[in-house]
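Student: I would like a close look at one part of this model. Please go through it step by step, then move on to other local details.

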Amino acid sequence: MPLSDNLEGSAAVAVVVDGYSAGNFYPGAFAALGAEVLHVQSTAELMPTLSAPKLSEYVENVVSADGDLEALVRRLKPYHPVCVVAGQDGAVTLADQLGEALGVPSNGTLLSPARRDKYEMIEALRRAGVRCADQFKSEDPQAIVDWAMARGTYPVVVKPLSSAASDGVSICKDSEEVSRAAQAVLATPDIFGRRNREILVQSYLAGTEYIVDTVSCDGQRYTCGVWQYEKSLLPNGKNIYDRDILLDGHDSLVTDLTAYIDEVLAALDVRWGPAHAEVIVTPDGPTLVEIGTRLSGHIDSGFHDRCLGHDQAGLTALAYLRPDVFKEQYGRKAYTRLQPAAVYEAPTTATGTVSAVDERTVASIRSLGSVHHVTVKLKPGDRIVPTDSLLTSILRVHMTAPDERQLTADYERVRTLKDSVYRVAE
């Protein structure tokens, strides 16, 4: 039933802006608490680089591609939304604007640029006295090279200002690599199809990297998962993801990372909704790589229910729809790990066109005891290229088991099978 037929209905209405990829978990999460969900599409056509929103799960899709915020607010007001959430990184700014204009619980627009632009993000931390990286930005690749040379310490990290999924990120060990990486940023659009106009260069943070996922409700934060990254550094300077490994929620490191993230959330005025942070524990202590006020990219509600007892989308819906319940059950607390878990992003060195998917191999992976879900990312006719980011990994495998040894053994088995999943034609 179109939402316009139910303006006087009793169901609460949540607005999701650009519900791509992980944002696809919002409709079910809000529906589970009795709310209806409306989708705002900020582009005339759906973005081809991201997993499309399942529009059939929304009661209405409002296309607003002209940038007219006032008109969009007028369109949404009659539905009396209770919240506006961003379905992916590129939707954060519009979600903040709509939330503020509609007068619903929101992080507001004052620090919205710092929650999206990676340069402004780190500068906001610096102003608040929160540990952060050195950095510089410019639209001139030579200026980026000059900054790195003047600083005199390599490696450095070069990346776009506002992309996602490790898109365009390079670790550079000399000025020539910095120059190539800077020019590559300007030569390619980000994953949302927007032109990169400036380049960001930052000091390299040496140490182990972690994901810290949170949900906030009127300033009360709940840490809903901390995962350790395992990465592989390629010769081309790309540091690709391998496994995300769930830490025990009672680990002292979780306490330390949560304390640091509380400082980050305060500096960026994140009081409502989800956040997905990447933090490196350096010799000086935890230091932010970046944070997005959106769901974690590896969310899977059934998977997280098994290993954590909850998922970030469901917690976000609870924070907005039943804030008193959220604060009582989750406010200022951290998760308990129910059983070991990992998410594997399978890389490839293959180049060519996928001619077929070997379903027997996929079935063999799915049959492993700890495998909860396998995402086969490519289909016949798609190009397959050597992995240099999350966007070019070939499989995502969610794995969890009570026995750590089984989890490790199944992971090693998946590694031996991954290259047989696709048949590739040159």
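Student: Does α2 pass α3 in a left-handed or a right-handed crossing?

Tutor: The crossing of α2 past α3 is right-handed. (Left-handed means that the near helix is turned anticlockwise from the far one by less than a right angle; clockwise gives right-handed.) First, the ground rules. This is a predicted model, in which local features need pLDDT of at least 70 and side-chain atom pairs count only at pLDDT 80 or more, while totals for chains, interfaces and linings use all residues. Numbering runs from 1 along each chain as its sequence is written, and side-chain values use heavy atoms, without hydrogens and water.

Back to the helices. Helices (H or I, at least four residues) and strands (E, at least two) are DSSP runs, numbered from the N terminus. α2 covers residues 69–76 and α3 covers residues 92–102; they pack at about 60°, with axes 10 Å apart. That angle makes α2 oblique to α3. (Under 35 degrees is roughly parallel, over 145 roughly antiparallel, 65 to 115 roughly perpendicular, and the rest oblique. Axes are lines fitted to C-alpha atoms, for helices over the stretch in contact, and angles run from 0 to 180 degrees between N-to-C directions.)

Now the side chains. From α2 come L69, L72, V73 and L76; from α3 come L94, Q97, L98, A101 and L102. Contact here means heavy atoms within 4.5 Å. The residues of this contact divide into eight nonpolar, one polar and no charged. (Nonpolar covers Ala, Val, Leu, Ile, Met, Phe, Trp, Tyr, Cys and Pro; charged covers Asp, Glu, Lys and Arg; the others, Gly among them, are polar.)

Next, the aromatic rings. The structure holds seven aromatic pairs. F136 and W147 make a stacked pair, because their ring centres are 6.3 Å apart and their planes lie at 5°. (Rings of Phe, Tyr and Trp, the last by its six-membered ring, pair with centres within 6.5 Å; planes under 30 degrees apart are stacked, over 60 edge-to-face, the rest tilted.) F136 sits in strand β5 (residues 135–138) and W147 in helix α5 (residues 141–151), so the pair ties together parts eleven residues apart in sequence. F136 is partly exposed at 27% relative accessible area, whereas W147 is buried at 18%. (Buried is under 20%, exposed over 50%, partly exposed in between, with a 1.4 Å probe and protein chains only.)

Y344 and Y411 pair edge-to-face, at 5.2 Å centre to centre and 90° between the planes. This pair links distant parts of the chain: Y344 in strand β15 (residues 341–346) and Y411 in helix α12 (residues 404–417), 67 residues apart. Y344 is buried at 1% relative accessibility. Y411 is buried too, at 4%. Y222, F326 and Y330 form one aromatic cluster.

D300 lies between β13 (285–292) and α8 (301–307). D300 is buried, at 10% relative accessible area. Leaving out residues up to four places away in sequence, D300 touches F25, H372, H373 and H398.

Backbone geometry deserves a check as well. Most residues other than glycine have a negative phi, and most peptide bonds are trans. Y154 and P155 are joined by a cis peptide bond, with omega about 0°. P155 is in the loop between α5 and β6 (156–160). S21, not a glycine, has a positive phi of about 50°. S21 sits in the loop between β1 (13–17) and α1 (26–31).
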